[in-house]
Amino acid sequence: MEKFDVLVRGSGCVGRSLALALGARGLRVALLARPTAPRSSADVRAYALNAASVALLSRLRVWEGLAEDARTPVHDMRIHGDRAGAELHFSAWQQGAGELAHIVDAAALEDQLDAALRFAPHVQRVTEAVPATLQALCEGRDTGAAEEFGVHYERHDYGHLGVAARLVASKPHQGQAWQWFRSPDVLALLPFDRPEPGHGYGLVWSLPHEEARRLLAAGAAEFESALLEATGGAAGTLRLAGDRQAWPLQLCRADRLCGPGWVLLGDAAHLVHPLAGQGLNLGLADVEALVDVIARRESWRSLGDEKLLRRYARARVAPTWAMGELTDGLLRGFASQAPVIARLRNEGLRLVDRAGPLKKWLTARALGH
């Protein structure tokens, strides 16, 4: 049987991007995709991609192939605390950036990655594991693949579901994203030109299990009424434009990222709360880091050399740990009912909003700079 340079296990956006990036460097790549059940409804997921992720997808010749209405720029973001006047405003113009992020249709991105893979001569799709010098695990941690290599996970279940849907607003979105921290839930509206140009939003609403299940079962009118109450009408009247979907939210970290002949990326390595919209950005940054380490390796060093792979692990441990701590700390801080914590968290938003250098630094981190 042919031996490949790299076996990529997992055909999500991270796995597909890694296969394309390694294949573009002339490596022989096998992409293993586990069979998945067909979706019973349209995919309502939307990704918030930062500048670094967009740059990677552009180099892979994926970005330009996306339809215009499948990638919507975010020019402004307003974050509201749970007390009057507690707000934080980020503006691309004030930070000297073209945009803060792009909101991208998940299904459209996956289709475009597939299209690019069809023209990647060094990438071969396989339906079972094949011999390879390096195995790159990009599958979700629930597949059990990482446990084959003795990897264990630190997990924290938030007791929340992430509820996603597509919405149409009565007011034009004008490229502005919204977020409300309402103790204990977090609601985000992501400007999106699907299903209606200029008036669409992607909803991501982190809710305790019981409340999430109640709203998932509620009729459209009741759900829309809850949205209006939660947002105060800031984005206009919001109308459901399709099904609602949900998934459990966790903080999850692998206890190690590599070993002899194997390495973890994306959801196989880490999960963070979606309140910062950085999940896929972290995974694509993993891809960038691993490809860079491989490109710089000594000519005599094997792709599966553990010392080589530790360079990748050192590059990724701190950024992924920091993002996990940031999102976890924000969620815990706004979930607390203690009056002193409520005062501190809301005053913190006001202080950050007035601190120009700190806002600029936070924006740069969000952009992937």
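**Reading helices and single residues in a predicted model**

At 58% relative accessibility, Pro260 counts as exposed.

Me: What kind of model is this, and how are its residues numbered?

Reply: This is a predicted model, in which local features need pLDDT of at least 70, side-chain atom pairs count only at pLDDT 80 or more, and totals for chains, interfaces and linings use all residues. Residues are numbered from 1 along each chain as its sequence is written, and side-chain values use heavy atoms, with hydrogens and water left out.

Me: Is Asp286 buried or exposed?

Reply: Asp286, which belongs to helix H6, is buried, because its relative accessible area is 0%. Beyond neighbours within four places in sequence, its contacts are Leu265, Gly266, His270, Tyr312, Arg316 and Thr320.

Me: How is the packing of two helices described?

Reply: Two packed helices are described by the angle between their axes and the distance between the axes. Axes are lines fitted to C-alpha atoms, for helices over the stretch in contact, and angles run from 0 to 180 degrees between N-to-C directions. Here the axes of H2 (residues 51-59) and H6 (residues 279-295) come within 9 Å and cross at roughly 55°. H2 is therefore oblique to H6; angles under 35 degrees count as roughly parallel, over 145 as roughly antiparallel, 65 to 115 as roughly perpendicular and the rest as oblique.

Me: Which residues of H2 and H6 meet?

Reply: From H2, Ser53, Leu56 and Arg59 meet Asn281, Leu284, Val287 and Glu288 of H6.

Me: How many residues of H1 are buried?

Reply: Of the 12 residues of H1, 11 are buried, and the helix is mostly covered. The buried residues include Cys13, Arg16 and Gly23. Just after H1, Gly26 adopts a positive phi of about 85°.

Conventions. Helix = DSSP H or I, 4+ residues; strand = E, 2+ residues; numbered from the N terminus. Contact = heavy atoms within 4.5 Å. Buried < 20%, exposed > 50% of the residue type's maximum accessible area, 1.4 Å probe, protein only.
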